[in-house]
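Good morning. I will take a few minutes to walk through one structure, so please have a look at it first.

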Amino acid sequence: MSLAPPLQPPVVRPGLRFLLSHPAHCIALGFGSGLSPVAPGTVGTLWAWLAYAVMQLWLSPAAIGWVIAASLPIGWWACTVTAGRMRVLDPGAIVWDEVVAFWIVLWLVTPAGWLAQLVAFALFRVFDAVKPGPVAWADDLFHGFGWRGGFGILFDDLVAAFCTLLLIAAWRTW
């Protein structure tokens with residue numbers, strides 16, 4: 001006789017109730033941007049861009065760096081909890097990985113004009129969505145539930161951010 005509660009079906013399409021049911025869900029789902037029925041990763045990255053622009057109004061670059069540094073372990077926790085509660089390994093609705101990775105890109109390319117930021121956005125989205133070479137490797141490296149899976153959700157986007165920055169650096173030096 002098992003004392004464990006019966007397994008619930010996976011939460012494939014979370015809604016507002018799920019978002020608000022736990023602070024980790026709110027963070028992992030990008031404060032609602034991950035609820036988009038179309039391209040939640042892109043919507044999450046757009047939310048990250050807007051949030052970064054707002055942060056720039058009140059915070060110094062060093063303070064933004066501290067926000068990003070704090071967002072990594074908090075995001076790891078939030079992605080771990082949310083994926084576990086959704087019972088899905090890497091749910092598309094979890095967009096905190098895009099948020100923090102794109103904040104890193106913006107933090108390292110600024111000061112940059114609007115067009116340069118748009119190029120960074122497009123490059124990051126291509127690396128994240130298509131997952132060429134090292135991004136695919138990173139995506140395959142950590143799977144599962146628990147802390148390992150939560151880290152895996154973040155890791156491939158961090159590699160996509162690195163690839164974006166590498167390409168931008170090569171372009172700038174060319």
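This is a predicted model: local features need pLDDT of at least 70, side-chain atom pairs count only at pLDDT 80 or more; totals for chains, interfaces and linings use all residues.

Residues are numbered from 1 along each chain as its sequence is written, and side-chain values use heavy atoms, with hydrogens and water left out.

First, the core. A nonpolar core here is a set of buried Ala, Val, Leu, Ile, Met, Phe, Trp, Tyr and Cys residues joined through side-chain atoms within 4.5 Å. Buried means under 20% relative accessible area, exposed means over 50%, and partly exposed is in between, with a 1.4 Å probe and protein chains only. The largest such core has 46 residues, and the members touching the most others are Ile94, Trp96, Phe102, Trp103 and Val105. Helix 5 (96–109) is among the elements giving two or more residues to this core, and its 10 residues are the largest share. Helices are DSSP runs of H or I with at least four residues, numbered from the N terminus.

Take Trp96. Contact means heavy atoms within 4.5 Å. Leaving aside neighbours within four places in sequence, the contacts of Trp96 include Phe31, Trp47, Cys79 and Trp103.

Next, helix 3. Its 19 residues reach 27 Å from first C-alpha to last, close to the 27 Å expected at 1.5 Å a residue; the expected span is 1.5 Å times one less than the number of residues. Its buried residues, including Trp49 and Tyr52, pack against helix 4, helix 5 and helix 6.

Now helix 6. Which of its residues are buried? They are Gln117, Ala120, Phe121, Phe124, Arg125, Phe127 and Asp128. These lie on the same side of helix 6, because they cover an arc of only 165° around the axis, taken from the directions from the helix axis to the C-beta atoms. Helix 3, helix 5, helix 7 and helix 8 are among what covers them. The face turned away from the buried side carries the exposed Leu115, Ala129 and Val130. Just after helix 6, Lys131 has a positive phi of about 55°.

Last, the cysteines. How many disulfides are there, counting pairs of cysteine sulfur atoms within 2.5 Å? The search of the whole structure finds 0. The closest cysteine sulfur to that of Cys79 is in Cys26, 13 Å away, so it is too far for a bond. Cys79 is buried, at 0% relative accessible area. Cys163 also counts as buried, at 11%.

Definitions and conventions: A disulfide is a pair of cysteine sulfur atoms within 2.5 Å.
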